[in-house]
Amino acid sequence: MLELRTVTAGYDRRTPVVRDATLTVTAGEAVGLLGPSGCGKSTLARVAALLHRPDAGEVVLDGIRVHHYRHRAPRDRRTAVGVVFQQPRLSADPRLRLTDLIAEPLRATGRRSSVPGRVAELAETVGLTPDLLTRRPHEVSDGQLQRACVARALVLRPRWLICDEMTAMLDASTTAALVRAVEDYRTDTGAGLLAVGHDRTLLNRWCDRTVHWDTVTAPAAKTLA
Amino acid sequence: MTPGRPPVLSVRGLSVRFLLPGGHRVAAVTDAHFDVAPGECLALIGESGCGKSVLASALLGLLPANAQTAGSALLGDLDLLTAGERTLARTVRGRRIGLIPQSPAAHLTPVRTIRSQTEEVVARLTGVRGRAALRAAAERAAERAGFPTDHLDRHPHELSGGLAQRAATALALIGDAPLLLADEPTTGLDRDLVDRTVDELRRHVDADRALLMITHDLAAAERVADRVAVMYAGRIVELSEADAFFGSPGPRHPYSRGLLEALPERSFLPIPGLPPELGSLPDGCAFAPRCAHATDICTTLPPLTGPVACHRPLPAPARTPEAIRA
């Protein structure tokens, strides 16, 4: 299970952007978190992905409470979560060819030997052709780059996937293709998913259940009022 | 839409080529033809990387130096493709064409507040003078785009994506340009904000302006557009009335049909394969390798005759689409 218990988080302790958010994703489940622009849902997604330390509350991953975030998280916990962000341009190193972009997590965790096989396999999963893999980010479209970012998120076979507005920049066909790539991976591995977004139709179609931001943080809003 | 009135923008045979080192040529836009009339919204839709934004840049004279253009794009009697930078800068951008940009965060000046940028644009483009008058005019401009006036003293990085988009929209509307050019105006906005943004754009269209909206958001296009142009691999492959396109009989080009069917409220199935490289397009129909209906004839290039550039379009409607203008 991925549990967020009364998480308060933000960038200034006096004005947290997330207050007392509680959300649970059980193993193999796909949960959509729906909220308007600027409500703090991306911050909560970063907390769930162990990329942002909350000011209060706790994150429990597979039954063990998380104490360390970002680079301080132990490797087996860090790599249990795969993340896809909204803007592929901002989350891809412009110097890396797509093949190295996808392989980087393998190299960083000492699994260099599995690079050729795993990259080829994932390129096919996300629909990237071999000629695209030799290019750098500025030589491909947003949709193609996001395909590579999805492959990168899957390369270490995470048990949990956090997709923060994964398809907000993309056209309908690329959206459908990437959602299918994520769902095929989940069918194979039983990974759980937290998909954050603002498109109700998409999240309802994609996820097992969709929760609205207001219900995730509602108790806090009431006590403040 | 009043037929018989001259269009605000008339694009004829517009092509854009990028010259790359080593003699490579990238065909970003090829032979585009369309008009936009006052009081009309034309939505230009297609996958990312199909050439939509290049077309917009060509209209504003914002192409990089290695681009070559052909054809014409008449704004009244001014050809935007041959007009000099001086003309474009002093009389066109902001005054005759208002640009609502793709990435407002990159469009706004990061080191100045929204108020300061708005006041500058008001002072430049309108006759308003004096500090108090500018301040009031800037606040009215912000309100018109739904930008909360209590956020005017913030810098762009302190705004959410939706608010930054509204700030950029406010700036685009200040000059009261007869043509609005919106490049992906709804990217990154939530559905309610998308609806508000496009409804606001529609209000300006109904006030007799012309709107060319470039978007991959089909729901936004359906909400705002009178006509739809579908672009694939740099060519316009279908030009249709929005009602017919989104309703009955639906799109007639297999690509347009695939794009619409990929929506989560429809079958949610992706079009197989990837779009071709604009640097090495096939000789025939660029969509043929991904198309379930393709036959031998598709190795030749289909012209845009009538509403659709396809050798094997999906069944024609039973009634004659007299409303469809080629």
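A nonpolar core is taken here as a set of buried Ala, Val, Leu, Ile, Met, Phe, Trp, Tyr and Cys residues joined through C-beta atoms within 7 Å; buried means that 20 or more other C-beta atoms lie within 10 Å of the residue's own, with C-beta atoms placed from the backbone.

Conventions. I worked on a predicted model, in which local features need pLDDT of at least 70, side-chain atom pairs count only at pLDDT 80 or more, and totals for chains, interfaces and linings use all residues. Residues are numbered from 1 along each chain as its sequence is written, and chains are lettered from A in the order in which they are written.

Entry 1, core. I looked up the largest nonpolar core and found 168 residues, of which L194(A), L179(B) and M213(B) touch the most other members. I then listed contacts (C-beta atoms within 7 Å) of L194(A); leaving out residues up to four places away in sequence, they include V25(A), L33(A) and I162(A).

Entry 2, interface. I found 26 residues of chain B in contact with 26 residues of chain A. By class, this side of chain B has 12 nonpolar, nine polar (Gly counted among the polar) and five charged residues.

I traced an open sheet in chain B with the order β2-β1-β4-β5 and antiparallel pairing; strands are DSSP runs of E of at least two residues, helices runs of H or I of at least four, and two strands pair if DSSP finds at least two bridges between them. Strands β1 (9–20) and β4 (67–75) of chain B share eight bridges, and R17(B) has Q68(B) as its bridge partner in β4(B).

Conventions:
Buried ≥ 20, exposed ≤ 12 C-beta atoms within 10 Å, placed from the backbone.
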